[in-house]
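Student: I have a structure to look at and want to know what backs each label. Where do we start?

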Amino acid sequence: MPQLRKDPIVSRWVIISTERARRPASYIDPTSYNTDPKTCTFCNDKTSTEVLTYERVRVVKSGNPFFTTAQELTLRNQGLHQSCHSHGSHEVVIECPEHIANMADLPVSQIKSVFKTYALRMWHHHNDESIKYVLAYKNYGVAAGSRNIGHARSQIMAIPVLPARVLDKIHGAKLYFDFHERSLFLDLVRQELKDGSRVIIESENFVAFSPFAARFPFEVWVMPKPKRQYYDYVHGIEGLETELAGVMKELLLKYKIGLNDPAYNYVIQSAPFGSAQQEAYCWHIEVLPRLTRTAGFERGTGFYINPIPPEMSAKFLREVKV
Ligand SMILES: [Zn+2]
């Protein structure tokens, strides 16, 4: 019998449909990519505008940006409609000089530099009052929205409005805090650690677990343990960069080995700078392999149908040796 489960942060329901479950190992979506550095855009890039180089990680302006500072931010009202120029910044983080496609194959020291680079760019953009949010994220593989370039990279968007998804999470965290006078994220991590059935990796300060109401097979959230919880990513990872890189490498290697190198996205869910009630929220990373497609039901309801219970996803990933 399928089960409905509710996400405690955004109150979104998902359907865990075990009837449709296949064995985890049968989810195979190999990622193909360009293996020739001679034809790689980023190995041969001489023209991009560089904004930062940090320990072999290069940040450049996107050649095809969604957000630019070409115009000042001005809101326009047309009756009940509102619009503005897409004021902001769209940057590409080239994660290593070598032609390596998957972050899983980079050394921990290089992954550490990538995660530190996100923090440096977030902190840079926080000085601009017209920027309301900075999202660092990765698309790996064509099924995850990436082009077939084959060079490890991620993106940073500094945008002039707060995304609805961030607002939903902050709203859910605030409601919980107002009622319980405790952080929802603190309670969530404590419960996951105590239960253990959805935990995949545990380090001194982090836990990687598949959430109770996971939308997708093998969806994983990486979150700091209670003693190191902090509302924003920039301050939250200070001193923990190498440990976080180690957890991410282990998780991405488990995907690569156990799921045959699937496409995936990850997104860093930090609170906006200057958030009120900071103790209610905690930054975290959502890691989302792209193994299933959404259809009409998801689009019509906002529900997701996940054919693998997160406990099964977690057990499978725990047992993948890296
Ligand atoms: Zn390359």
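Tutor: We start with a rule: the radius of gyration is taken over C-alpha atoms, and the globule rule is 2.2 Å times the number of residues to the power 0.38. Keep in mind that this is a predicted model.

Student: What makes the radius of gyration of this protein agree with a compact globule?

Tutor: With 322 residues, the rule gives a value near 20 Å; the protein has 20 Å, so the two agree. Its C-alpha atoms fill a box of roughly 55 × 50 × 45 Å along the principal axes.

Student: How do you know what span to expect of helix α3?

Tutor: The expected span is 1.5 Å times one less than the number of residues. Helix α3, residues 184-195, has twelve residues, and 16 Å is expected. From first C-alpha to last, α3 reaches 16 Å, close to that value.

Student: Why do β1 and β15 count as edges of their sheet?

Tutor: The open sheet has three strands in the order β1-β2-β15, with mixed pairing. β1 and β15 each have a single partner strand, so one side of each is left without a neighbour in the sheet.

Student: What makes β2 and β15 a pair?

Tutor: Pairing needs at least two bridges. Three bridges join β2 to β15, and these strands run parallel. They therefore count as paired.

How values were computed. Residues numbered from 1 in each chain as written. Predicted model: local features only at pLDDT ≥ 70, side-chain atom pairs only at ≥ 80, totals over all residues. Helix = DSSP H or I, 4+ residues; strand = E, 2+ residues; numbered from the N terminus.
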